[in-house]
Amino acid sequence: MSVDMFEDHSPDVDITFTKEDLRDVVPHDNDPIVISLVTVGRKVHRVLVDQGSSVDVMFWPTFTQLQLPLDQLRPYGGCLYGFAGDQVEVRGYIQLRTTFTNEVASRTEKIKYLVVNTPSAYNILLGRPTLNRIGVVPSTRHMKVKLPSMEGVVITFKSDQNEAKKCYENSLKNRRSVSYITTTPPPGVKPKPTEWRVADAAMEVAAGGDVTMLDAEVEGESGGREEEARNRPEEARDWESPGR
């Protein structure tokens with residue numbers, strides 16, 4: 001048993017949404033909020049701001065395409081459950097420096113991602129742990145996310161509505177939905193024995209499809225791993241997970 005203590009070290013900044021935030025919003029059918037962020041020097045698209053998730057999740061194709069070493073994965077002994085009560089396979093967890101930037105202001109934080117092997121239209125789910133810890137305030141009506149920088153400036157992210165619509169449509173095509181993830185089993189669901197298979201992961205082939213990557217130029221703090229990634233000799237391009 002363990003208890004995670006919530007420590008809010010964000011600046012005390014008032015975050016509000018106004019009519020001005022609605023001016024660039026295209027009328028939509030309750031689309032989710034999908035943004036981009038930077039981790040290990042790479043800009044990752046299709047990041048779902050998911051208030052229904054009790055953990056921050058990175059999906060296995062994202063992990064492999066970021067070329068993260070397997071020895072950085074740490075064992076995770078708990079269980080995750082999807083929306084339908086099905087158990088989600090956890091490969092382990094990894095802590096990465098992640099930068100939120102809108103090209104005007106930025107903020108870098110360490111985020112503990114659970115790496116899961118399950119189909120998803122998204123690359124990363126930002127769940128309640130990070131949203132609460134760093135003071136992220138999403139508004140689906142305004143299709144925006146706001147959070148304070150360490151300098152007390154409010155950073156505003158606009159949701160990519162075209163990408164959000166595509167991801168939502170693709171998630172409906174998946175056999176099982178993982179847009180809601182919890183560490184607590186739903187009523188009537190008995191936990192199954194967990195297995196942590198990092199060695200087997202090395203034998204699997206990364207997801208195919210239209211995969212691209214680009215080195216991200218991040219203002220402000222970037223960290224050593226971001227700098228190391230930018231100095232890699234191979235060509236880099238913006239990465240988006242393949243549609244399913």
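Predicted model: local features only at pLDDT ≥ 70, side-chain atom pairs only at ≥ 80, totals over all residues.
Phe63 is buried, with a relative accessible area of 1%.

Phe63 has a partner in Trp60, and the two residues form a stacked aromatic pair, with 5.1 Å from centre to centre and 15° between the planes. Both residues sit in helix α1, 3 residues apart, which is about one turn of the helix. Trp60 is also buried, at a relative accessible area of 5%.

How many aromatic pairs does a search of the whole structure find? There are 2. I turn now to Phe100 and Phe157. Their ring centres are 6.4 Å apart and their planes stand at 75°, so this pair is edge-to-face. This pair links distant parts of the chain, since Phe100 belongs to strand β5 and Phe157 to strand β10, 57 residues apart. Phe100 is buried at 2% relative accessible area, and Phe157 is buried at 7%.

Next, the cores. In general, nonpolar side chains tend to be buried together in soluble globular proteins. In this model the largest nonpolar core has 31 residues. Which of them touch the most other members? They are Leu37, Met58, Phe63, Leu68, Ile94, Phe100 and Tyr113. The elements giving two or more residues to this core include helix α1 (60-65) and the strands β1 (34-39), β2 (42-49), β5 (87-101) and β6 (106-117). Strands β7 (124-126), β9 (144-148) and β10 (154-158) are also among them. Apart from this core lies another, of 15 residues, with Val90, Tyr122, Ala164 and Cys167 among them.

Phe100 is worth a look for its contacts. Neighbours within four places in sequence aside, Phe100 is in contact with Leu37, Ala105, Ser106, Arg107, Ile111 and Leu126, and also with Thr130, Ile134, Leu147, Ile155 and Phe157.

Why is β2 described as largely enclosed by the rest of the structure? Because 7 of its 8 residues are buried.

A separate item is the open sheet of 3 strands, in the order β8-β9-β10, with antiparallel pairing. Its edge strands are β8 (137-139) and β10, each of which pairs on one side only. Neighbouring strands in this sheet are turned by 20° against each other on average, with direction ignored. Between β8 and β9 there are 3 bridges, in the antiparallel sense. Ser139 has Lys144 in β9 as its bridge partner.

Two more residues, then the totals. Pro32 is placed in the segment before β1. Is Pro32 buried or exposed? At 16% relative accessibility Pro32 counts as buried, because the cut-off for buried is under 20%. Leaving aside neighbours within four places, Pro32 is in contact with Leu48, Tyr122, Met143, Ser159, Ala164 and Tyr168.

Gln161 is in helix α3, which covers residues 161-173. At 10% relative accessibility, Gln161 counts as buried. Residues up to four places away in sequence not counted, Gln161 touches Asp24, Val25, Val26, His28, Asp31 and Met143.

Finally, the chain as a whole. The protein chain contains 5 helices and 10 strands. Buried residues make up 45% of its 244 residues. Among contacts between residues at least 6 apart in sequence, 75% join residues at least 24 apart. The protein chain exposes about 13000 Å², and carbon and sulfur atoms supply 49% of that area.

Technical notes
Residues numbered from 1 in each chain as written. Heavy atoms only, no water. Helix = DSSP H or I, 4+ residues; strand = E, 2+ residues; numbered from the N terminus. Buried < 20%, exposed > 50% of the residue type's maximum accessible area, 1.4 Å probe, protein only. Contact = heavy atoms within 4.5 Å. Core = buried A, V, L, I, M, F, W, Y, C linked by side-chain atoms within 4.5 Å. Pairing = 2+ DSSP bridges. Axes fitted to C-alpha atoms, helices over the stretch in contact; angles between N-to-C directions. Areas by Shrake-Rupley, 256 points an atom, 1.4 Å probe, with all protein chains shown as cover. Phe/Tyr/Trp six-rings, centres within 6.5 Å; stacked < 30°, edge-to-face > 60°.
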